[in-house]
Amino acid sequence: KLEEKDVEKFASILSTPETSLLTTLKTSKGPKPVDASELDLFNNDWMNKYHGQSVCVLKPKTTQEVSEIMKYCFERKLAVVPQGGNTGLVGGGVPVLDEVIINLGAMNKIRSFNEISGTLVCDAGCILESLDNHIAEKGYMMPLDLGAKGSCQIGGNVATNAGGLRFLRYGSLHGNVLGLEVVLPNGTVLDGLSTLRKDNTGFDLKQLFIGSEGTIGLITGVSIITPRRPSAFNVAVFAVDSFEAVQNVFSKVKAHCGEILSAFEFFDNQSLEMVKAHATAGVKDPFQDKHPFYVLIETSGSKKEHDDEKVNELLEELMESSAIVDGVLAQDETQVQSLWALRESIPEAAGKLGSTYKYDVSMPVELMNELVEDMRSRLDKHGLMGNKVKEVVGYGHIGDGNLHINIIADKFDPAVEEVIEPYIYEWLAKVNGSISAEHGLGRMKGEKIGYSKSPASVAIMKDIKHLFDPENLLNPYKYLPSDK
Ligand code: FAD
Ligand code: 2HG
Ligand code: ZN
């Protein structure tokens, strides 16, 4: 339990306690207490599904401050939640009870950028979009891109091993991150900010922190390799009449575009209708008629004429073979943005429509739509469709075998949840799918990991957690099943 003396100690560690420490506790030496509502932003998640009751948020400015805070919390056995941009979708970044929140937002400096190798070293609290803008001036781009780019932080991206829209081309952060600086639960600073592309000396410890969701260490610095920014982009959206056609188009597009293909996304008609009705950005349906499914492709390369030629030939082939029913190719940057908005606005539109149960899953591509259809008919059979459940939409990074199902209810309601779960997890386990493709486990799925991982694997994960965090102080009650 956090006491007055703890807040006073935090105030003495932080260089600017007036702005870096928010607490509702009254202290004689610490900063003035704030109203509980000022902590709402930090205690509640993006979906408004998970709610914590922390009374103290710390925003350190240096690794040294983080280290001293962690050391003190370790000695006092105070639980801590690391928090980035708070855009996570599994409740990992907000407290379960009254854990102290360490928000990395004030650690937002670029430490170095090497214009020859493309290696970026920065504080963990840098916003993804700001990093992308910064290196764009030098002809580079971040190897990942997400709808939440304007708020999420690179430290949060690494902690969740975020996938996103460029995964198809540039792969996972497990490959792109070159080094990390991490503060361990006892305050030790693990300085692994290497900029080397190749380094086979011993266990690759940074890999453990990528995707560890703040459970074994607090990431304070990131070294990442960034690719050259392509100069030529093409974006097209195709309408198709079946899910088989989505797969057929994927195979044709891959064969035809080869190395210039940089994204292959899909969304169903229900997603598009929802976006048209609820998204804020000026989203315009480029098609006159409705179609069951849509795919968005992006190509990017360094020679516009070369890419344009390939894309135009692809369009001809897709139309002639009747693989697609209709298609639109962006003619300028504004159209590029508006076609991307059709896909990127889906999570926001779902949030506007209602309270969204989100399932981020992977499985053999041919099964994806079956799961969405099964879920719709199951909810219907239980009398929930059109009643407590407003809509079920399917979309995602189909090029990476990653489906997002959003089930939008009028409110978060156990009566809805018990129809969805554990059914959906059992379904995925039967087809050897994953219950979390890219969003992680957090508070939502820690207890469910057994649907995707063997008992032996989970036991080793628990040993790793214990090795780094023997007192279970870092992001407790999440990520791994509790010991029953
Ligand atoms: P937070 O939400 O603050 O935290 C997420 C987890 O990481 C928590 O467990 C937290 O404790 C931990 N954490 C955060 N910072 C640190 C740190 N410095 N050190 C240690 N642990 C830390 N995800 C995808 O994979 N692909 C997508 O395409 C995608 N699109 C999205 C679109 C929208 C509109 C939204 C709202 C979310 C999306 N996400 C996506 C989910 C989310 O994972 C990412 O937004 C992002 O990686 C989370 O970063 P954050 O800084 O907001 O982290
Ligand atoms: C996306 O791909 C994100 O848009 C969010 O991963 C998915 O909100 C979701 O379910
Ligand atoms: Zn996604």
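Author: The protein chain has an average pLDDT, the predictor's confidence in each residue on a scale from 0 to 100, of 97, and 100% of its residues score at least 70. The model is a predicted one, in which local features need a pLDDT of at least 70 and side-chain atom pairs count only at pLDDT 80 or more, while totals for chains, interfaces and linings use all residues. Residues are numbered from 1 along each chain as its sequence is written, and chains are lettered from A and ligands numbered from 1 in the order in which they are written. Helices (DSSP runs of H or I, at least four residues) and strands (runs of E, at least two) are numbered from the N terminus. Confidence in the protein chain is lowest in helix α13 (residues 333-344), with a mean of 95, and highest in helix α6 (residues 154-160), at 99. For the complex, the predictor gives an ipTM of 0.99 and a pTM of 0.98.

The site you ask about is that of ligand 2. A residue is assigned to its surroundings if the C-beta atom, placed from the backbone, lies within 6 Å of the molecule. On that basis L89, G147, I346, P347, K358, D360, G396, H404 and N406 surround ligand 2. Three elements, α14 (346-353), β14 (355-362) and β16 (402-409), each contribute at least two residues to this shell. By class, the shell holds three nonpolar, four polar and two charged residues; here Ala, Val, Leu, Ile, Met, Phe, Trp, Tyr, Cys and Pro count as nonpolar, Asp, Glu, Lys and Arg as charged, and the others, Gly among them, as polar.

G396 belongs to β15, where it stands opposite F266. Strand β15 (residues 389-397) and β11 pair in the antiparallel sense over two bridges; two strands are said to pair if DSSP finds at least two bridges between them. A residue is called buried if 20 or more other C-beta atoms lie within 10 Å of its own, exposed if 12 or fewer do, and partly exposed in between, with C-beta atoms placed from the backbone. Strand β11 has eight of its eight residues buried, so it is largely enclosed by the rest of the structure.

Strand β11 (residues 261-268) is also joined to β12, by seven bridges in an antiparallel arrangement. Within this pairing, F264 has I297 of β12 as its bridge partner, and E265 stands opposite L296. Strand β12 is mostly covered, with eight of its nine residues buried. Strand β12 pairs as well with strand β10 (residues 232-240), in the antiparallel sense and over nine bridges; there, F238 has V295 as its bridge partner.

The loop between α11 (269-278) and β12 (293-301) contains K290. K290 is exposed because it has 10 other C-beta atoms within 10 Å. Along the sequence, K290 and Q270 are 20 residues apart, and their C-alpha atoms are 9.9 Å apart in space.

Ligand 1 is surrounded by 36 residues, of which G84, G88, G92, G155 and G156 are the closest. At least two residues of the shell come from each of β3 (80-83), α6 and β9 (218-225), and α6 provides the largest share, five residues. The shell around ligand 1 comprises 14 nonpolar, 20 polar and two charged residues.

Strand β9 also takes part in an open sheet of five strands in the order β5-β6-β9-β7-β8, with antiparallel pairing. β5 (110-114) and β8 (189-192) stand at the edges, each with a single partner strand, so one side of each is left without a neighbour in the sheet. Neighbouring strands of this sheet are turned by 10° against each other on average, direction ignored; the axes behind such angles are lines fitted to C-alpha atoms, for helices over the stretch in contact, and angles run from 0 to 180 degrees between N-to-C directions. β5 is joined to strand β6 (residues 119-123) by four bridges, in antiparallel fashion, and the bridge partner of F113 in β6 is L120.
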